[in-house]
Amino acid sequence: KAGNGNTICMLPGLHKNIANCGLSIEKDLTVVGLGDNVVLQRANSYNIFDVKSWGSLCIKNIKFTVVDRAYSDVLIVVSGGKLDVINCSFTSISVPEVIYASGFAKVNIVDSIFSDIDITEEYVIITLADGKTQIILPTWTAFNALKTQVDKLNADMQALQALVAAWEAND
């Protein structure tokens, strides 16, 4: 059992199964991966961490993944608490949100990588601390679809300009 302010060190290897999921953080904790290959794999249909409003969690040097991409549960829930993610990676995950923050949650991500993440929505929506301001970013798929439409529109405009120029030259 970890006390308030403690650091939990994880040894290299694959850490999986239900024992590593559904961990409720109600105090100030740091979890550090020792070495280059510390992997925390989420079991199906579970969150890994739930940082409560009075909790604070700092995660360093850990690779996150899932057992089965078919399950879309959020990996880390921050229910009003504080989360720092430093030098971590999130790979081969299919979820609408890798980290879900609500209430007055504070999330700080530094030197971390998100790769091979399947997003089920057309956009990533980031809501700022005021609860009203949103930054809406298209996913890569939505961006490519929009780019294809814009490229087609530009080609049509160039063709129209050429027709108008030819028409004006004949007058």
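In which strand is serine 89 found? The views below take up this residue and several other sites of a predicted model.

**View 1. Serine 89 and its contacts in the predicted model.** Serine 89 is found in strand β11, the strand that spans residues 89-94. Because its relative accessible area is 14%, below the 20% cut-off, serine 89 is classed as buried. Once neighbours within four places in sequence are set aside, serine 89 is in contact with Ile62, Lys63, Phe64 and Ile113.

**View 2. Threonine 65 and its polar contact with threonine 91.** Threonine 65 lies in strand β8, which covers residues 63-66, and with a relative accessibility of 17% this threonine counts as buried. A polar atom of the threonine 65 side chain is placed 3.0 Å from the backbone oxygen of threonine 91. Apart from neighbours within four places in sequence, the residues in contact with threonine 65 are Val39, Leu40, Gln41 and Arg42, together with Thr91, Ser92 and Ile93.

**View 3. Glutamate 97 in the loop between β11 and β12.** The loop that holds glutamate 97 runs between strand β11 (89-94) and strand β12 (99-102). The relative accessibility of glutamate 97 is 32%, which lies between the 20% and 50% limits, so the residue counts as partly exposed. When residues up to four places away in sequence are not counted, glutamate 97 touches Val74 and Leu75. Valine 77, which is 20 residues apart from glutamate 97 in sequence, has its C-alpha 9.3 Å from the C-alpha of glutamate 97.

**View 4. The second largest pocket and its lining.** The space in this second largest pocket amounts to about 250 Å³. Its lining is made up of Ala2, Ile8, Met10, Ala19, Asn20, Leu23, Ser24, Ile25, Leu29, Val31, Leu40 and Phe49. Sorted by class, the lining of the second largest pocket comprises 10 nonpolar and two polar residues, with no charged residues. At least two lining residues come from each of the strands β1 (7-10), β3 (23-25) and β4 (28-33), and β3 gives the most, with three residues.

View 5. Among the elements of the chain, the highest mean pLDDT, 97, belongs to strand β7 (residues 56-60), whereas the lowest, 57, belongs to strand β15 (residues 123-127).

How values were computed: Residues are numbered from 1 along each chain as its sequence is written. This is a predicted model: local features need pLDDT of at least 70, side-chain atom pairs count only at pLDDT 80 or more; totals for chains, interfaces and linings use all residues. Side-chain values use heavy atoms; hydrogens and water are left out. On a 1 Å grid over the protein atoms alone, a cavity is a set of points where a 1.4 Å probe fits but cannot get out, and a pocket is an open set with protein on both sides within 12 Å along at least five of seven lines; lining residues have an atom within 4 Å of a point. Grid points are joined across faces, edges and corners, and a volume is the space filled by probe spheres set on the points. Helices (H or I, at least four residues) and strands (E, at least two) are DSSP runs, numbered from the N terminus. Ala, Val, Leu, Ile, Met, Phe, Trp, Tyr, Cys and Pro count as nonpolar, Asp, Glu, Lys and Arg as charged, and the others, Gly among them, as polar. Buried means under 20% relative accessible area, exposed over 50%, partly exposed in between (1.4 Å probe, protein chains only). Contact means heavy atoms within 4.5 Å. A polar contact is a pair of N or O atoms within 3.5 Å; within protein, one must be able to donate a hydrogen and the other to accept it, and residues adjacent in sequence count only if both atoms are side-chain atoms. pLDDT is the predictor's confidence in each residue, from 0 to 100.
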